[in-house]
Amino acid sequence: MLTEEERKEIQNELKRHSHKQAACVEALKIVQRHRGWVSDEIKDISEFLEMTTDELDGVATFYNQIFLKPVGKHVIRICDGVSCWVTGHGPVLEHLKVSLGINEGETTPDGQFTLLPVSCLGACDRAPAMMIDDELYGDLTAGKIDEILERYK
Amino acid sequence: MNPERPLTKNIQPGGGPLAIDEYEKRGGYEALRKALKMSPQQVQEEIKASNLRGRGGAGFPTGAKWGFVPMGDDAPRPKYFLVNADEMEPGAFKDRFLLEGDPHQMLEGAIICAYAIQADIAYIFLRWAYKLAGKRLRRAIAEAYEKKYLGKNILGSGYSLELDLHVSAGRYICGEETALLNAMEGRRPVPRSKPPFPQVSGLWGRPAVVNSVETVCNIPHIIKNGADWFKGLSLSNDCGTKLYGVSGRVKKPGVWELPMGVTIRELIEEHAGGMQEGHSFRGVIPGGASTDFLVKEHLDVKMDFDSVQKAGSRLGTGTMIILDDKTCPVGMVHNLEKFFARESCGWCTPCREGIPWIKKVLEAIENGHGETGDIELLEHHCRLLGPGNTFCAFAPGAVEPLQSALKFFREDFERHIREKRCSYR
Ligand SMILES: Cc1cc2nc3c(=O)[nH]c(=O)nc-3n(C[C@H](O)[C@H](O)[C@H](O)COP(=O)(O)O)c2cc1C
Ligand code: SF4
């Protein structure tokens, strides 16, 4: 079930569109903002958008920043685009994996961090780069990573 | 060298973008005022005369693209103008600079573009990762509405335009113009077949034009200063300036606005400060992940559409990625193909099946499990995924770095297979 707040936000979003379906990515993002990920609630949203659940599922599964499984409190997106790969993505990723004790695609047991690969953050001039939640970090080194992670613990 | 840098003159490195008052003080929105006094046809003519070619990768003439839109009172309504700010190609990061650095310039451009095709509604399709750009654009849009540069009866001209920001949720194919239209409609964003072309039947079956951020940013300056001025900015047959970028093992990776037609050598040696200590130049993908490698003998190639094409690659986004002598070319191509395999939208079989196959073969070679015949197998895929065999330009783009790596760095592939290991590790 959608919460009252989610419902209101989606209703608001619908006002901006002449076609309800056009709001579907925004609606998915609203649910994700409140819960961290999008579960089977997708069925509720689809009614709002006058789409079938299959249609909405087809959209939700397409985008790599719509999470269909739970994620940790903070999502770390490590860029594996070509510029980062050339300038040190390997050692940076290794360091993250060891520090967090998890592999790419996993969440730490305490639920603090999820580590995800991402295709190019568009920060190639500051490679290697990563993003934690909405914050971008560039010119990464092992030492810098430790210091950054500290801030989120 | 011509020192004029129209697109970046307002951008202060490290500083915030100009608020609307400051932007106006420096001549901002004058081009819009001028355009609104011209007829839409005249605006189109001026852009045609400037020979502006789209900066989104393909280099299609902007004026010609607009020319396909039905005009006049009988034209289907509403008409749409869309700014493509998806920029998800690995190695490309120049539009971000324009969006974060001078959002009003892009808005002014978008409003003029929309006016030229008499669009009723404009959208900016923004990549999810560009959080700061999103924040600054939202503010700029609000300011532009306040000052009546957007909304009903803009500056009393009788022309009205609504503009909205759409923030995507991450998928490379959304940057392809017809996939972008599906994304905007809330459908699964796979490409559409052409014809019909978007200019005739785009968004919800109505005319729509999609232009890239950098293209749009050029528009106010051409309108303000004229087509001849624009031609004079360039060192080559392709007009204007270009945002170029360099990343990889160079001393000062970055993005710069320079006359169209500077050489690859100048970009690397002068602007990017040359190679890092202990690394030497081996090759370059000149225009983002989906372009062919060029090598030392191409260092004096001019970075414009025709020259790069003549050299066997594409200008693409104009943001180059350097391969150095300590980096394994097989590994680099493997990284690129992993990206393309992940991002194929899966709509057509050759791309959906072929690119993961390429990725697997490259992975095997890189990890010492390559076999005789693998190189021929890769070449076979390059042919089958080349132009004309797939639904959209994604797959041909995906095989460009591979086909050229097989040409220029063949001995590396052969050595991996022969020695059953990667000698760079
Ligand atoms: C797979 C793929 C991804 C693309 N991504 C982008 C993009 O992120 N930004 C962009 O401006 N053009 C992108 N393009 C090119 C667009 O399809 C289109 O040609 C361009 O936006 C037109 O703008 P222009 O005429 O101003 O260059 C992409 C094309 C393909 C095939
Ligand atoms: S070529 Fe690839 S990206 Fe393009 S439609 Fe086919 S599967 Fe999708």
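These legends describe close-up views of a predicted model.

**View 1. Chain A as a whole.**
Chain A holds seven helices and four strands. Along the sequence, these elements follow the order α-α-α-α-β-α-α-β-β-β-α. The C-alpha trace spans about 50 × 30 × 25 Å along its principal axes. Of the 153 residues in chain A, 55% are buried. Chain A exposes about 6,900 Å², and 48% of that comes from carbon and sulfur atoms. Now consider contacts in chain A with a separation of 6 or more: 56% of them join residues 24 or more positions apart.

**View 2. Helix α7 of chain A and its buried face.**
Helix α7 of chain A covers residues 142-150. Which of its residues are buried? They are A:Ile145, A:Ile148 and A:Leu149. Seen down the axis of α7(A), these buried residues fall within an arc of 95°, so they line one face of the helix.

**View 3. A:Ile145, a buried residue of α7.**
A:Ile145 sits in helix α7 of chain A. Is A:Ile145 buried or exposed? A:Ile145 is buried, because its relative accessible area is 0% and buried means under 20%. Leaving aside residues up to four places away in sequence, A:Ile145 touches A:Val92, A:His95, A:Leu96, A:Met130 and A:Leu140. A:Asp40 is 105 residues from A:Ile145 along the chain. Their C-alpha atoms are separated by 35 Å.

**View 4. B:Arg96, in touch with both chains.**
B:Arg96 belongs to helix α5 of chain B, residues 94-101. B:Arg96 has a relative accessible area of 12%, so this residue counts as buried. What lies 3.1 Å from a polar atom of the B:Arg96 side chain? The backbone oxygen of A:Leu121 does. From chain A, B:Arg96 touches A:Leu121, A:Gly122, A:Ala123 and A:Leu136. From chain B, B:Arg96 touches B:Glu87, B:Gly101, B:Ala129 and B:Tyr130. Residues up to four places away in sequence are not counted here.

**View 5. Ligand 1 and the residues around it.**
How many residues surround ligand 1? There are 19, and the closest are B:Gly56, B:Lys65, B:Glu87, B:Ser212 and B:Thr215. By class, the shell has six nonpolar, seven polar and six charged residues. Strand β4 of chain B (residues 208-212) gives the most to this shell, with three residues.

**View 6. Polar atoms close to ligand 1 oxygens.**
Two of these pairs involve the backbone. A backbone N or O atom of B:Gly56 lies 2.8 Å from an oxygen atom of ligand 1. For B:Glu87, a backbone N or O atom also lies 2.8 Å from a ligand 1 oxygen atom. B:Lys65 uses its side chain: a polar atom there lies 2.9 Å from an oxygen atom of ligand 1. Taken alone, ligand 1 exposes 620 Å², and the protein buries 87% of that.

**View 7. Ligand 2 and its shell.**
Ligand 2 is surrounded by 13 residues. Which are the closest? They are B:Cys345, B:Trp347, B:Cys348, B:Cys351 and B:Cys392. The shell around ligand 2 has ten nonpolar residues, three polar residues and no charged residues.

Conventions
Residues are numbered from 1 along each chain as its sequence is written. Chains are lettered from A and ligands numbered from 1 in the order in which they are written. This is a predicted model: local features need pLDDT of at least 70, side-chain atom pairs count only at pLDDT 80 or more; totals for chains, interfaces and linings use all residues. Side-chain values use heavy atoms; hydrogens and water are left out. A residue is near a molecule or strand if one of its heavy atoms lies within 4 Å of it. A polar contact is a pair of N or O atoms within 3.5 Å; within protein, one must be able to donate a hydrogen and the other to accept it, and residues adjacent in sequence count only if both atoms are side-chain atoms. Accessible areas come from the Shrake-Rupley method with a 1.4 Å probe; for residues, only the protein chains shown count as cover. Helices (H or I, at least four residues) and strands (E, at least two) are DSSP runs, numbered from the N terminus. Ala, Val, Leu, Ile, Met, Phe, Trp, Tyr, Cys and Pro count as nonpolar, Asp, Glu, Lys and Arg as charged, and the others, Gly among them, as polar. Buried means under 20% relative accessible area, exposed over 50%, partly exposed in between (1.4 Å probe, protein chains only). The arc is that of the directions from the helix axis to the C-beta atoms. Contact means heavy atoms within 4.5 Å.
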